[in-house]
Amino acid sequence: MSICYDKFADLKSFTDRVGAVYGTEDFALYLYSIVKMTKPINVVELGTGLGSTMLWIAQGLKENQSGTLHTIDDGSEWNSDSVKPILQEYYRDSYTDYINNLLDTFDLKQAVSFCNKRIEWTKEQNNIDITSGYIDSNCELKYNKYWCDLHFKYVRNKAEGSLIN
């Protein structure tokens, strides 16, 4: 499956702009590359944010012609005053409408299952049961500790203003 260069450039332009909010503009392309190489059947994203990583993971799945991204976020950080200028024409009043608009705009809806739900972490284990009300319990998930640890370390360190070491 080939991708139209203009569509790819539009996606890159959008994620360069909004990815800077969470520092995911380059990391999203890294995840895209991993998806293209590993060809996963199911990918789980905890925290959709403004959608940079969601869009690139979905693009990789679409190009692979298989797989689903299960992305979960309740939009609790959705703040129209701060994000509206960044999102420009993509902005929608509702977080769910915003996500659905992105998926429609970039023709990626078939690769994504979006769940607008608050992620509940268990305090004792600093863990989450993602098959409990977030994604289809029949969904086969394979946990890859290395990539998950790398992603969480990247996100944590980015939030603290440092790089992965």
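User: Hi! What is the mean pLDDT of the chain, and what share of residues reach 70 or more?
Analyst: Hello! The mean pLDDT of the chain is 77, and 70% of its residues reach 70 or more. The pLDDT is the predictor's confidence in each residue, from 0 to 100. This is a predicted model, so local features need pLDDT of at least 70 and side-chain atom pairs count only at pLDDT 80 or more, while totals for chains, interfaces and linings use all residues. Residues are numbered from 1 along each chain as its sequence is written, and side-chain values use heavy atoms, with hydrogens and water left out.

User: Where does pLDDT stay under 50?
Analyst: One such stretch is residues 140-147, for which the model has 10 contacts beyond four places in sequence. Residues 149-165 also have a pLDDT below 50, with 17 contacts beyond near neighbours in sequence. Contact here means heavy atoms within 4.5 Å. Where pLDDT is low, the predicted coordinates should not be read in detail.

User: Okay, new topic. How many residues are in the largest nonpolar core?
Analyst: That core has 33 residues, and those with the most contacts inside it are Phe 14, Leu 55, Leu 87 and Tyr 98. A nonpolar core is a set of buried Ala, Val, Leu, Ile, Met, Phe, Trp, Tyr and Cys residues joined through side-chain atoms within 4.5 Å. Buried means under 20% relative accessible area, exposed means over 50%, and partly exposed is in between (1.4 Å probe, protein chains only).

User: Which elements give two or more residues to this core?
Analyst: They are α1 (5-22), α2 (27-38), α3 (52-64), α4 (80-87), α5 (95-105) and β3 (112-115). Helices (H or I, at least four residues) and strands (E, at least two) are DSSP runs, numbered from the N terminus.

User: And what is Tyr 98 in contact with?
Analyst: Setting aside neighbours within four places in sequence, Tyr 98 is in contact with Phe 14, Leu 50, Trp 78, Leu 87, Tyr 90, Tyr 91 and Arg 92.

User: What about His 70, buried or exposed?
Analyst: His 70 is buried, at a relative accessible area of 8%. You can find His 70 in strand β2 (residues 68-72). Its side chain makes a polar contact with the side chain of Asn 42 (3.0 Å). A polar contact is a pair of N or O atoms within 3.5 Å; within protein, one must be able to donate a hydrogen and the other to accept it, and residues adjacent in sequence count only if both atoms are side-chain atoms.

User: Which residues does Ser 113 contact?
Analyst: Beyond neighbours within four places in sequence, Ser 113 is in contact with Thr 68, Leu 69, His 70 and Thr 71. Ser 113 is found in strand β3 and is partly exposed, at 33% relative accessibility.

User: Which helices hold Glu 63 and Lys 36?
Analyst: Glu 63 forms a salt bridge with Lys 36, with the closest N and O atoms 3.2 Å apart. Glu 63 lies in helix α3 and Lys 36 in helix α2, so the pair ties together parts that are 27 residues apart in sequence. Glu 63 is buried, at 11% relative accessible area, whereas Lys 36 is partly exposed, at 25%.

Key:
Salt bridge = Lys/Arg side-chain N within 4 Å of Asp/Glu carboxyl O.
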